[in-house]
Amino acid sequence: MLRWLLRRAAAGVVLVWLVATATFFLVAATPGNITQHIESQRLTPEARARWRRDFGLDQPLPLRYARWLAAVGRGDLGHSWLHHRRVAVILGETLPRTLILASLGLALEILGGIAVALVQIRRPHGVLDRLLSTTTLTAYALPTFWIGLLLVYVFAYRLPLFPPSHMLSPAGEMASGWPRMLDLAHHLVLPAVTIGLTGMGAVARYLRGSLLDERLEHYVLAARARGCSAARAMWVHALPNALLPLVTLVGLSLPFLVSGSLVIEVVFAWPGMGRAMYEAALARDVPLLMGGTLVATIAVVVGNFVADILYTVIDPRIRR
Amino acid sequence: MKPALPLRAASPRHITGLLVVAFLAAASLVGPAFTPDPTEILDPRHGALLPPGTTATYLRTTSGVVVAVSHVVRRGDVVTALRGGTEVSFPAHEVAALERRLHLLGTDALGRDVLSRLLHGGRVSLAVGASALALALCIGVAAGMAAGWRGGLVDALLMRLVDGLLAIPMIFLLLLLAVVFRPSLGTLVLVLAFSAWMGVARLVRAQVLSLKEREFVLAARAMGAGSLRIALTHLLPNTATPLAQDAALRLGDLILVEASLSFLGLGVPPPYPSWGSMVAEGQEVLLTAWWLTVVPGAAVAATVIGAALVADGLSEVARGSHR
């Protein structure tokens, strides 16, 4: 068990290293970017030479790679060209905001998916089941940015119930404690619901199939034979087992959650990591993009690792 | 034994999905031949943001200026008309043409015909999605076959690569790629295919692993067939149904990713319309012209739903034929 966990952790570290290396060589193999950036500035030849030296462009590639890797290992991701600040500082500021939004969205997605699947399973192949099946399929097919825009149009402009963008209002920015939290929660509603709506389709479809299978298992029949009510057999016996694979599903869907919340952050002007990455892409800010890709990969690897551990904790059958 | 006719096992839902995708593809393929140029800007002042179903009259002067007008009257040598509420007049000899155009889906913020842009955008979105899918299938099938058939080190290396790539949040890599390579249709297809082949490889590998133990493979081997021949004539046809089902779902996903990238301005470069970039353009005028946002997004959704229904149908067909 411990060996298995260690192997998984080592694989994660190797993966992060591979992604870091891939991004480095992707950028280094096309040195046009940094060179272009330097050439585009109005600089004296001396200043230009100094910049090239500062970026290490006068050094051979393997040495540059070794230095860069050592710096990344120390947590130094370089300086953003756009903000003229340390990449690590920018990411440290924006990542928590993304995590708030993404985790709330994920919670809504899972709870919503479970609720829909439980309603569907009450009468499989009935009218309500088929209606909800079509609904979840549609929810899966809707582009996230589009559903976000429609929600803004309806619930921020036609019925001004929620703010259309940003994380805090100017008043909330000044406040602290509860009023600030309330303002934050108010701003969270639309983007989190957007993530939840587009994600819950997959959860519901998966769980419905899984519950349909579990219902026919012998242990459910045995529970019914012992005098369990149908509802109790479903809730206490079948549901926990059907929920198990969901842990892995959620772990696997983390990359999509990260990607999805990037688009959502752009639509709702949410000042998180995704939006910072988007602005970095538009401004061709390579150091920030490289750092962001690395941090997002680490987040996903850690998330998957946690999902694996959780799975072994809640399902004793796979403990080795 | 003849394979069962797929349509018999499919339900009306699945036929609907097939029809939706076929209709959108056909409309995008043929439609642009009958609609005006989607990049043509007629009258950005008075011909912009016309609601769906508007018929507009355009007056073209000999010097090439186009204006949207109404109530055109000719009095002797002078043509007078209303342009945005004020009366304007032109010397009759300067008027080159009067055109009436029906804008079935209205016009956008620059006065371009939305239906025309939607069809052209569909052509771009579907073509990019389909090409990326084709490329992803080629890479994925080759990698999956190699991993499943060869096993051992090849299998281990390929599958670790697949696991690793699947764990990367692709959109970040796509952003980085879009910055390093200037966006063009070609790089977009490459980048999308690169982000999608891993799932195909996993699926094919699993299929090959079970197929290669079957007697017909042993028989082919005994008759002296080489690995490539077995892979192409024995393994590939037998993975066709699950592969087709996976491909249908994947096409929807690719179209969604393309739409997201184009929405972010990192996909199909302007002035070519794509469904994603049309939503982004519509977003600017969401409050005054919501249909500019709704229509292209609905087109994306319809395509993805259609593809998912087709995938659903294919899986039911597969189950039916195994019974």
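This is a predicted model: local features need pLDDT of at least 70, side-chain atom pairs count only at pLDDT 80 or more; totals for chains, interfaces and linings use all residues.
1. Start with helices H7(A) and H9(A), which are oblique to each other, since angles under 35 degrees count as roughly parallel, over 145 as roughly antiparallel, 65 to 115 as roughly perpendicular and the rest as oblique. H7 covers residues 144-158 of chain A and H9 covers residues 178-215 of chain A; they pack at about 135°, with axes 9 Å apart. Axes here are lines fitted to C-alpha atoms, for helices over the stretch in contact, and angles run from 0 to 180 degrees between N-to-C directions.

2. Residues are numbered from 1 along each chain as its sequence is written, chains are lettered from A and ligands numbered from 1 in the order in which they are written, and side-chain values use heavy atoms, with hydrogens and water left out.

3. Who touches whom in that pair? From H7(A), Thr144(A), Ile147(A), Gly148(A), Leu151(A), Val152(A), Phe155(A) and Ala156(A) meet Leu190(A), Val193(A), Thr194(A), Leu197(A) and Thr198(A) of H9(A), contact meaning heavy atoms within 4.5 Å. Sorted by class, that's eight nonpolar, four polar and no charged residues (Ala, Val, Leu, Ile, Met, Phe, Trp, Tyr, Cys and Pro count as nonpolar, Asp, Glu, Lys and Arg as charged, and the others, Gly among them, as polar).

4. Chain A as a whole has 13 helices and zero strands. Helices (H or I, at least four residues) and strands (E, at least two) are DSSP runs, numbered from the N terminus. The C-alpha atoms of chain A fill a box of roughly 85 × 55 × 35 Å along the principal axes.

5. Now look across the chains. H12 of chain A (residues 273-282) packs with H5 of chain B (residues 170-180) at about 15°, the axes being 9 Å apart. That angle makes H12(A) roughly parallel to H5(B), and the crossing is left-handed. Met273(A), Met277(A), Tyr278(A) and Ala281(A) meet Phe172(B), Leu175(B) and Val179(B).

6. Within chain B, check H3 against H9 (residues 227-263): they pack at about 140° with axes 8 Å apart. H3(B) and H9(B) are therefore oblique to each other, and the crossing is right-handed. The contact includes Leu126(B), Leu133(B) and Trp149(B) from H3(B), and Leu235(B), Arg250(B) and Glu258(B) from H9(B). By class it has 18 nonpolar, three polar and two charged residues.

7. How many cavities of 30 Å³ or more does the structure hold? There are two. On a 1 Å grid over the protein atoms alone, a cavity is a set of points where a 1.4 Å probe fits but cannot get out, and lining residues have an atom within 4 Å of a point. Grid points are joined across faces, edges and corners, and a volume is the space filled by probe spheres set on the points.

8. The largest cavity has a volume of about 80 Å³. Its lining includes Leu174(B), Phe181(B), Arg182(B), Ser184(B) and Leu266(B). H5 and H6 (185-194) of chain B are the elements giving two or more residues to this lining. It divides into nine nonpolar, two polar and one charged.

9. The second largest cavity is about 60 Å³, lined by Asp108(B), Val114(B), Arg117(B), Met278(B), Glu281(B), Gly282(B), Leu292(B) and Pro296(B). Elements giving two or more residues are H3 (114-150), H10 (275-283) and H11 (291-322) of chain B. H10(B) gives the most, with three residues. The lining residues divide into four nonpolar, one polar and three charged.

Definitions and conventions. A crossing is left-handed if the near helix is turned anticlockwise from the far one by less than a right angle, and right-handed if clockwise. On a 1 Å grid over the protein atoms alone, a cavity is a set of points where a 1.4 Å probe fits but cannot get out, and a pocket is an open set with protein on both sides within 12 Å along at least five of seven lines; lining residues have an atom within 4 Å of a point.
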